[in-house]
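Please look over the sequence and the model shown below before reading on. The report is meant for someone meeting this structure for the first time.

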Amino acid sequence: MSAIGTDDYVTFCEGLRQICGIDLSQYKRPQMERRLRSFFARKGISNLSTSLPGLRADKSELDALLDRVTINVSQLWRHPEQWTRLERELLGQLSANGSLSAWSAGCSYGAEAFTLAAVCHKAIPKARVRILGTDIDPRMVARANAGAFSDDDARGVPRADMERSFTAIAGGWQARPELRAMTRFEVGDLLRMRPPAAAHDLVMCRNTVIYFAEPIRDELHARLAHALKPGGCLVIGATERVAKPAEMGLEPIYPFIYRKT
């Protein structure tokens, strides 16, 4: 690899971390570097580090870059088979004591957390449900707190499910007050967070760790498992895996769902 391919990427990652706190060096380099170089090539920039002054000076340019490199693709009821499993088989067990504490880790703009709230409202209406969503991007957390979703976010969702938990608004949907009462959102970097032990009955971290280098992925999975109560469940994405679940006190119970032993 050329000196530019080596040095300017490292310099850029450190500079971006100083600007906005996002550490791209923890992500799989080939995929991230391709994204960055493609983004800046359209602007005539070949050396990544020369872009840093512009990113410091122009918030709109920084926002455009973050939209390119952070993964905010989501939708309501994404991977519907997992929601069906939660609704019909797991939520009742997880809330047997009358309450449910859940964490949507890497929540993006809140589609996963509000889907969980809607499913809980239907499946365990008498339980006291608390759902925490965290994401590294403050812009996404602000969107999540608004509880508003576009028609595209609801693509493929039966209208009856939407109308049960959301109010139709111009161009989209607004989460009903009962869902918003269950949810709260905070800025949090999964690579730095140290969640308390046995804090949650359910942790959902889907379609996030596939972008991390393997040692970082495994460390994160261990911390997510640490945050689960005994008997609690970890739900991961349909293209992801936990490398050594037994070492983390996890056992697979369904595809992409693990229980804390």
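The model is a predicted one, in which local features need pLDDT of at least 70 and side-chain atom pairs count only at pLDDT 80 or more, while totals for chains, interfaces and linings use all residues. Residues are numbered from 1 along each chain as its sequence is written, and side-chain values use heavy atoms, with hydrogens and water left out.

**Nonpolar cores**

A nonpolar core is taken here as a set of buried Ala, Val, Leu, Ile, Met, Phe, Trp, Tyr and Cys residues joined through side-chain atoms within 4.5 Å, where buried means under 20% relative accessible area, exposed over 50% and partly exposed in between, with a 1.4 Å probe and protein chains only. The largest such core has 41 residues, and those with the most contacts inside it are Leu76, Trp77, Leu91, Leu116, Phe166 and Leu202. Helix H6 gives the most, with 8 residues. A second, separate core of 39 residues includes Cys13, Leu16, Leu66 and Val209.

**Salt bridges**

The structure holds 20 salt bridges, each being a side-chain nitrogen of Lys or Arg within 4 Å of a carboxyl oxygen of Asp or Glu. Three of them are listed here.

| Aspartate 63 | Arginine 139 | 3.9 Å |

Aspartate 161 and arginine 164, by contrast, both lie in helix H8 (residues 159-165), 3 residues apart, about one turn of the helix. Aspartate 161 counts as buried at 18% relative accessibility, whereas arginine 164, at 37%, counts as partly exposed.

**Largest cavity**

A search of the whole structure finds 1 cavity of 30 Å³ or more, a cavity being a set of points on a 1 Å grid over the protein atoms alone where a 1.4 Å probe fits but cannot get out. The largest cavity has a volume of about 40 Å³, and Tyr27, Lys28, Gln31, Met32, Arg35 and Tyr211 line it, lining residues having an atom within 4 Å of a point.

Key
On a 1 Å grid over the protein atoms alone, a cavity is a set of points where a 1.4 Å probe fits but cannot get out, and a pocket is an open set with protein on both sides within 12 Å along at least five of seven lines; lining residues have an atom within 4 Å of a point. Grid points are joined across faces, edges and corners, and a volume is the space filled by probe spheres set on the points. Helices (H or I, at least four residues) and strands (E, at least two) are DSSP runs, numbered from the N terminus.
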